[in-house]
Amino acid sequence: MRPWLWAAGLLVWLAGPALAASGLEVWPAVAEQGQPLVVKACPGGQVTGAEISLLGRRAPLAQAPGGCLVGAMGVDLDDQPGPMVLEIRQGQRVLASRALTIKARGYGTRQITVDGKFMELSPEDLARHQEEMAQQKAVYASRLPSMLWSGPWQTPLDSAVVGVFGRRSLVNGQPRSPHGGVDLRGGVGTPIQAPAAGRVALVLDTYFSGLLVLIDHGLGVVSGYRHLSRAMVAQGQVVRPGQVIGLVGASGRVTGPHLHFDLRLAGARVDPLAWIKASAEMARRLR
Ligand SMILES: [Zn+2]
């Protein structure tokens with residue numbers, strides 16, 4: 001599009017519903033692919049059942065003092081860059097809105113080599129994989145309206161990053177989906193701690209991710225821990241921050257032992273380390 005046309009379009013955009021943005025804070029100022037957003041709205045008065053809406057994703061909000069609402073939203077790794085509108089909705093009613101421009105973010109490319117059994121799946125393995133994906137998808141669809149954690153998150157494993165978030169992968173020379181989490185160094189048996197309180201939503205031995213644990217923290221926030229050698233929690237269990245939830249392993253499609261830590265916000269894949277920082281911002285806005 002020609003720059004002047006784009007600018008004219010932006011003016012129309014800004015003159016539209018964005019004027020209702022008073023009292024709506026979005027952090028950080030720049031929305032990028034694969035990054036979290038912390039949202040605070042102060043519509044005034046008691047508002048129940050309000051949600052953040054972006055690109056068809058919805059996330060419930062927590063109550064903050066002064067009739068304000070605070071929540072988290074994600075920009076997925078594969079969301080198209082460009083202008084869009086973030087809204088605070090109560091059913092069909094738009095309480096506030098803000099025009100945002102999603103910026104592209106390059107995370108690089110990695111090449112890995114794995115056993116051939118992970119490239120060509122037998123019909124049985126494919127059926128197993130699809131069933132495992134369906135179970136995880138059901139957890140990612142969770143929108144518990146209550147916030148099960150409080151305060152800033154901590155790291156689940158205090159060690160070096162050996163695989164960064166968002167890299168496009170070439171597996172045995174073939175393109176695969178981008179790296180949806182961060183790989184943290186750890187030997188087999190190293191304890192993994194819950195970074196925040198939540199409820200264990202899934203413990204499952206899977207084809208690609210090996211033994212995994214998913215924790216639902218409420219408000220559409222779900223964290224994942226993959227390639228474990230052992231799970232120390234059971235489905236449905238409530239965990240407190242710092243509680244050991246499992247041990248590092250090398251199960252599933254891996255090139256060696258490590259913890260794959262990932263995070264979804266309203267279903268969007270975001271950088272879990274960026275979320276740890278964002279969670280401190282969210283805690284600040286909830287005070
Ligand atoms: Zn990984």
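**The open sheet**

Guide: In this predicted model, six bridges join strand β3, residues 36–41, to strand β7, residues 68–74. The two strands run antiparallel. Within this pair, Val39 of the chain stands opposite Gly71 in β7.

β3 and β7 belong to an open sheet of four strands, in the order β1-β3-β7-β6, with antiparallel pairing. The edge strands are β1 (24–27) and β6 (62–64), and each of these pairs on one side only. From one strand to the next, the twist averages 25°. As a general point, strands of a sheet pair through backbone hydrogen bonds, either parallel or antiparallel.

A helix lies against this sheet. Helix α3, made of residues 272–286, packs on the sheet and touches β1, β3, β6 and β7. The direction of α3 makes about 10° with that of β3.

The chain is divided into domain 1, covering 3–103, and domain 2, covering 109–279. Taken over C-alpha atoms, the centres of domain 1 and domain 2 are separated by 27 Å. The contact takes 16 residues from domain 1 and 21 residues from domain 2. On the side of domain 1 that touches domain 2, β3, β5 (57–60) and β7 each supply at least two residues. The residues of that side divide into nine nonpolar, four polar and three charged.

Notes: Residues are numbered from 1 along each chain as its sequence is written. This is a predicted model: local features need pLDDT of at least 70, side-chain atom pairs count only at pLDDT 80 or more; totals for chains, interfaces and linings use all residues. Two strands pair if DSSP finds at least two bridges between them. Axes are lines fitted to C-alpha atoms, for helices over the stretch in contact, and angles run from 0 to 180 degrees between N-to-C directions. Two residues are in contact if their C-beta atoms, placed from the backbone, lie within 7 Å. Domain bounds come from an automatic or database domain assignment. Ala, Val, Leu, Ile, Met, Phe, Trp, Tyr, Cys and Pro count as nonpolar, Asp, Glu, Lys and Arg as charged, and the others, Gly among them, as polar.
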